[in-house]
Each structure stands twice: as C-alpha cells, then as structure tokens.
Amino acid sequence: MTFKDIFKSSFLENITSVSILDMAIALVLAFGIGLFIFLIYKKTYQGVMYSSSFGTTLVALTMITTVVILAVTSNVVLSLGMVGALSIVRFRTAIKEPLDIAFLFWSIAVGIVLAAGMIPLAVIGSVIIGVILLVFVNKKSHCNPYIVVLSCADSAAEKNATDFLRSNVKKCVVKSKTAQKGMIELNLEIRMENESTDFINALSDMPGVNSAVLVSYNGEYMG
C-alpha cells in the first residue's frame, strides 16, 4: 500500500456522507427537544433527592442518539458494526424512580426519530407526551396513600386510637405492628376523605397515645 492509497481510504470518503446542514438541523432540534424533556422531568419529579445530572443526561442522550443514528443511516456497513459495538456495553447505574425509565426511552426515541428525518413526529409527539406527563404526574389527590406511624402505651390506647382513625379516614389498613414493654408501634396505610390533617392533632392528644406521625407515601413496600 502506497502513501497515496492511504488517502484514498473509505475513511476520507465518508466525510461527506452526511451534509453539514443535516447535522446542524438535527443537532439543534435534538438539543431543543432534549431541553424540553429536561424541563418536563424537572416539573414532574416526585422523588426525594432531585438530581440535576440526570436532567443533563437526558439532553445529552438525545443529542448522542441523533449523532449515532445519523452515522448508521448513512452507511449500512457501519450500522452492522455499531450493533456489535453497542451490544457489549453494560450500564450498572440503578434507576431509582420507575418514571425515569420513561424519560430515558423518550430521549432515545426522539434522537432516533430526528435522525431518521421525521421532524414533525419528534416535535408533535414530544409535546403530546410532555402535556400528558404534566397532567397525570402532577395531579394531586387526597386519595393518595399515606402512612400513619402510631405509638401507644397499651392495647386499650391502641384500640381507641385505631377506632378514632378509622372513623376519620376513608380506608385504614394495618401494615405492621411492633409490640414492646410499655409501647406498641403501628404502621397504618390510610386514604383520607379530604385534604385536612387535623385528625392527626386530635389523635396525638388522646390518652395513652405517645405520638402520631403522618407520612406521605409514594414508594413501594413489601407486605
């Protein structure tokens, strides 16, 4: 192979396989829609610790996917090699919130659709998905489950407290009970009839009740 043959390689021939204009339009749109996805994620986040790095990852993932699909669609041989390269990649980061998976797939899907040239589908589809998430995820309801952590001195106080609690809420189910000498602790799942929490104040003032704690519940439990 001569020095001249090196510059005739397919590597240099692939430089113009994707036009500069196509790359610019695709990346600008990917950044804009990725930023929109990030804003929707920020508005709908309901976890304990908000991670701004995950939101930035959504923007970057949209743009990276667009770049990869642009390369794949321009070269059939490259697409086969890309499949083999990506098949050996393993991600070990745990997804703490189930809704985060939807945002990851949303970013990847937008990158794929944009690189395929289906711009209206990417834009209109993202707007519709964003509106749906804003409506359903941010919908507040007093029927959401709550956990009441109740500490009582004896079984009589326990019975009076649970009877009072059941009379003031729509649903009350005992999830766990811990009995020790001089103390009984209960974890009860409740569904409130309205948004008022005054019954917790009255519950804590009852004779034999050491403490009553109301906790908003949005996770998963065993039992």
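Which residues does N144 touch, not counting residues up to four places away in sequence? I looked this up and found I190 and R191, where contact means heavy atoms within 4.5 Å.

I note that this is a predicted model, in which local features need pLDDT of at least 70, side-chain atom pairs count only at pLDDT 80 or more, and totals for chains, interfaces and linings use all residues. Residues are numbered from 1 along each chain as its sequence is written, and side-chain values use heavy atoms, with hydrogens and water left out.

**Entry: N144.** I placed N144 in the loop between α7 and β1; helices (H or I, at least four residues) and strands (E, at least two) are DSSP runs, numbered from the N terminus. N144 counts as partly exposed, at 34% relative accessibility. On this scale buried means under 20% relative accessible area, exposed over 50%, and partly exposed in between (1.4 Å probe, protein chains only).

**Entry: salt bridges.** I searched the whole structure and got 3 salt bridges, each a side-chain nitrogen of Lys or Arg within 4 Å of a carboxyl oxygen of Asp or Glu.

- R191, one of the residues that N144 touches, pairs with E189, the closest N and O atoms being 3.7 Å apart. R191 is partly exposed at 27%, whereas E189 is buried at 7%.
- E158 pairs with K177 at 3.1 Å between the closest N and O atoms. This pair links distant parts of the chain, from helix α8 to strand β2 (residues 171-180), 19 residues apart. E158 is buried at 13%, and K177 is partly exposed at 48%.
- D163 pairs with K159 at 3.0 Å between the closest N and O atoms. They are separated by about one helical turn because they lie 4 residues apart in helix α8.

**Entry: cores.** I then looked up the largest nonpolar core and counted 20 residues in it. Such a core is a set of buried Ala, Val, Leu, Ile, Met, Phe, Trp, Tyr and Cys residues joined through side-chain atoms within 4.5 Å. L150, L165, I190, F199 and L203 have the most contacts inside the largest core. The elements giving two or more residues to this core are β1 (145-152), α8 (155-168), β3 (183-191), α9 (198-204) and β4 (209-216). Apart from it lies another core of 15 residues, among them Y41 and F103.
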